[in-house]
Amino acid sequence: MRSSRSWVFDIGCAILAFAASAMLHFTIGTHAGHQTLAASLIVAALTALALPLRRVWPGPVFLWTAMVAVVLAEWPTRGALFPVALAISLYTVATTMRRAEALVAAVLVAGIVFLVFGQDGTLDQSLVLFAIVCGYAVVPTAAVLAAGLYVSTRRAYLAELRDRAQRLERERDQNSALAAAVERARIAREMHDSVAHHLTVIVAL
């Protein structure tokens with residue numbers, strides 16, 4: 001059961017992703033026309049639409065975000081991608097899913113960013129531009145992936161510590177209950193011996 005705080009935070013992430021993408025498309029739309037700007041904003045809204053559900057379905061939300069990001073990078077204006085939603089969904093995959101799935105998602109994100117930044121036709125002419133585009137695609141993706149894996153590892157470590165503390169507490173309670181049962185048995189045995197002794201004395205008298 002999710003808390004209202006997590007819902008508010010995820011909705012805020014969706015609004016942030018839409019606002020970042022809208023700012024980029026507003027700049028592009030001043031040169032491309034109002035129709036292109038409106039279409040870009042619609043696709044940008046679709047990109048951020050699934051982010052509030054990222055903790056419920058991290059895999060499907062990532063695939064949806066990646067698919068819409070590819071559409072946004074090619075239509076209606078080529079190269080119009082501000083990958084905030086991709087970064088958020090990749091971070092969610094890295095923190096909630098297996099490491100192999102997170103690596104596959106990171107490769108997919110890096111490929112999308114590489115295609116967006118490298119579709120201007122200059123990569124075949126300069127190795128420097130190729131290296132720059134690779135840096136834009138790989139370095140931010142690797143940073144997001146590393147942050148997500150770090151958080152995932154830390155959460156697993158803290159969960160293990162909590163489980164160990166609960167296990168030790170249960171063992172302590174069990175030992176306390178066992179010690180109390182042994183003490184009760186000892187007291188009952190002593191009382192039985194004392195009563196038997198007194199009865200023996202009374203019978204003898």
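Author: Arg2 is found in the segment before H1, where helices (DSSP runs of H or I, at least four residues) and strands (runs of E, at least two) are numbered from the N terminus. The model is a predicted one, in which local features need pLDDT of at least 70 and side-chain atom pairs count only at pLDDT 80 or more, while totals for chains, interfaces and linings use all residues. Residues are numbered from 1 along each chain as its sequence is written, and side-chain values use heavy atoms, with hydrogens and water left out.

Arg2 has a relative accessible area of 21%, so it counts as partly exposed; this class lies between buried (under 20%) and exposed (over 50%), with a 1.4 Å probe and protein chains only. In sequence, Arg2 and Arg55 are 53 residues apart, yet their C-alpha atoms are 9.1 Å apart in space. Apart from neighbours within four places in sequence, Arg2 is in contact with Trp7, Asp10, Pro52, Arg55 and Val56, contact meaning heavy atoms within 4.5 Å.

Trp7 belongs to helix H1, residues 4-32, and is partly exposed because its relative accessible area is 32%. Together with Ile11, Ile15, Leu53, Val56 and Trp57, Trp7 makes a nonpolar surface patch of about 550 Å². Patches take residues with over 30% relative accessible area and no salt bridge, joining like charges within 9 Å and nonpolar side chains (Val, Leu, Ile, Met, Phe, Trp, Tyr) within 5 Å. The areas come from the Shrake-Rupley method with a 1.4 Å probe, and for residues only the protein chains shown count as cover.

Charged pairs come next. A salt bridge is a side-chain nitrogen of Lys or Arg within 4 Å of a carboxyl oxygen of Asp or Glu; by this rule there are eight. In one of them, the side chains of Arg186 and Glu183 meet at 2.3 Å, N to O. These two are about one helical turn apart, because they stand three residues apart in helix H6. Arg186 is partly exposed at 30% relative accessibility, and Glu183 is partly exposed at 35%. Arg164 forms another bridge, with Glu160, whose closest N and O atoms are 3.4 Å apart; both residues lie in helix H6, four residues apart, about one turn of the helix.

In soluble globular proteins, nonpolar side chains tend to be buried together. A nonpolar core is a set of buried Ala, Val, Leu, Ile, Met, Phe, Trp, Tyr and Cys residues joined through side-chain atoms within 4.5 Å. The largest such core has 19 residues, and those with the most contacts inside it are Phe62, Leu86, Leu90, Ala102, Val109 and Leu145. Helices H3 (58-74), H4 (84-96), H5 (99-117) and H6 (127-204) are the elements that give two or more residues to this core. H5 supplies the largest share, seven residues. Val109 touches Phe62, Leu86, Leu90 and Thr141, when residues up to four places away in sequence are not counted. A second, separate core has eleven residues, including Ala14, Ala50, Leu51 and Ala85.
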